[in-house]
Amino acid sequence: MAAASDKTPAISDDVVRIGLLLDMSGPYADITGRNTVVATQMAIEDFGGKVLGKNIELVYADTLNKPDITAARAREWFDAQNVDALMDVAATAPSLAALEIARARNKIVAFTSPASARLTNEACSPVSVHWTYDTYALAHGTGRAAVRQGYDTWFFVTADYTFGTDLERDVTKVVQEGGGKVLGSVRAPLNTLDFSSFLLQAQASKAKIIGLANAGNDTVNSIKQAQEFGIVQGGQKLAGMLIFLSDIHSLGLDKAHGLVLTTAFYWDRDEESRKWAKRFFERTGRMPSMSQAGAYSATMHYLKAIEATGTDDTDTVMKKMRETPVNDFFARNGRIREDGRMVHDMYLAEVKSPSESKGPWDYYRILQTIPADEAFQPLSESRCPLVKQKS
């Protein structure tokens, strides 16, 4: 319920507008795209469609994964359309562009699909929250598990932009801290269709494990083509550093089984997650990705903060969001730190074999729950100026 107040609820222009800047047609469309719109709309509907008696509106656009288009659209939304907050911006480079616009206009932005831990380090801000996962958590979950299993020599096939290079850097640190070695890496342009030259270099390295520091269609294509080259059959192992449920669905269990991955969410984890995922499935015909579940969670947390404070004022709402634990089907006892990282448990999972799966979307076996304080970068290692000012 809203906090008691003698003042009229201060909702700017009598509407709360939420924006989504997504990949609607490119390599990350399955991860974000129209189903993130559905998840966010579900949160708005579950909240009742209004907050403090005012309508909640949702706008969304395709950024084509281009930072300049993202920045222009964010500027237009904030300046001309009175958008109050962004609940996702797909891909790291566009996210960094949108963050600069949001920071300059003092608007809230929650990142529920981009990965780079840079968002809570060098690029941290008082108005942003990194919600679902990041490169640090992925590296320490999957990378550490692989090294402990004896996969101590690595070669990376890396997406040639900020996300990929950040992910490779974070995994490299984990491998080296575990006593392993990185034998080399190769950069592949975003949305590559032919990974043959990159995979052949990885194969020739004789590394025990080939780390795929990419995502979406790039991950799916590289795994399919690695199978065609007989890389796994030849004794090398693939490690998808950012794997989504939709990727496994695209690959099929015959190609994906045995992959070890780190995830922030799995639909079949418990009764509450299954209940929400079933509703999502009824509307989309698919089970949710972790970023789509994260978009619902972040949107609901934002709306609850408006209701509790009686305003959509950025500073007031952000303060409430940071003070309030996150407890829903997505996260238990999650909390937003001063660097903007929403910390919560992560999960180490293995993809089931076709014989183990009980049916469509029954893809993961959870191997380990990674506690929040172990999953994410400790504040003692933070490069966020907001943290350094307090130290």
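Trainee: Hi! How do the residues lining the second largest pocket divide into nonpolar, polar and charged?
Mentor: Four are nonpolar, four polar and three charged. Keep in mind that this is a predicted model.

Trainee: Which elements give two or more residues to that lining?
Mentor: Those are α7 (217-228), β10 (237-240) and α9 (253-256). The lining includes I223, Q227, K237, L238, D254 and K255.

Trainee: And how much space lies in there, in the second largest pocket?
Mentor: About 180 Å³. For the largest pocket the value is about 210 Å³.

Trainee: OK, the largest pocket then. Which lining residues are closest to its centre?
Mentor: M300, H301, K304, T324 and P325, out of 14 lining residues. The elements giving two or more residues there are α11 (290-309) and α12 (314-323).

Trainee: Which element gives the most to that lining?
Mentor: α11 does, with seven residues. By type, the lining of the largest pocket has seven nonpolar, four polar and three charged residues.

Trainee: Switching topic: where is H344 found?
Mentor: In the loop between β13 (342-343) and β14 (346-351).

Trainee: Is H344 buried or exposed?
Mentor: Buried, because its relative accessibility is 1% and the cut-off for buried is under 20%.

Trainee: Last one: what does UniProt place at residues 16-352?
Mentor: An unreviewed entry there gives the feature "domain: Leucine-binding protein". In the model, that span is 44% helix and 20% strand.

Key:
Residues numbered from 1 in each chain as written. Predicted model: local features only at pLDDT ≥ 70, side-chain atom pairs only at ≥ 80, totals over all residues. Heavy atoms only, no water. Helix = DSSP H or I, 4+ residues; strand = E, 2+ residues; numbered from the N terminus. Buried < 20%, exposed > 50% of the residue type's maximum accessible area, 1.4 Å probe, protein only. UniProt positions renumbered as here; feature names shortened; annotations may be inferred. 1 Å grid on protein atoms, 1.4 Å probe; cavity = no way out; pocket = protein on both sides within 12 Å on 5 of 7 lines; lining within 4 Å. Points joined across faces, edges and corners; volume = space filled by probe spheres on them. Nonpolar A, V, L, I, M, F, W, Y, C, P; charged D, E, K, R; others polar.
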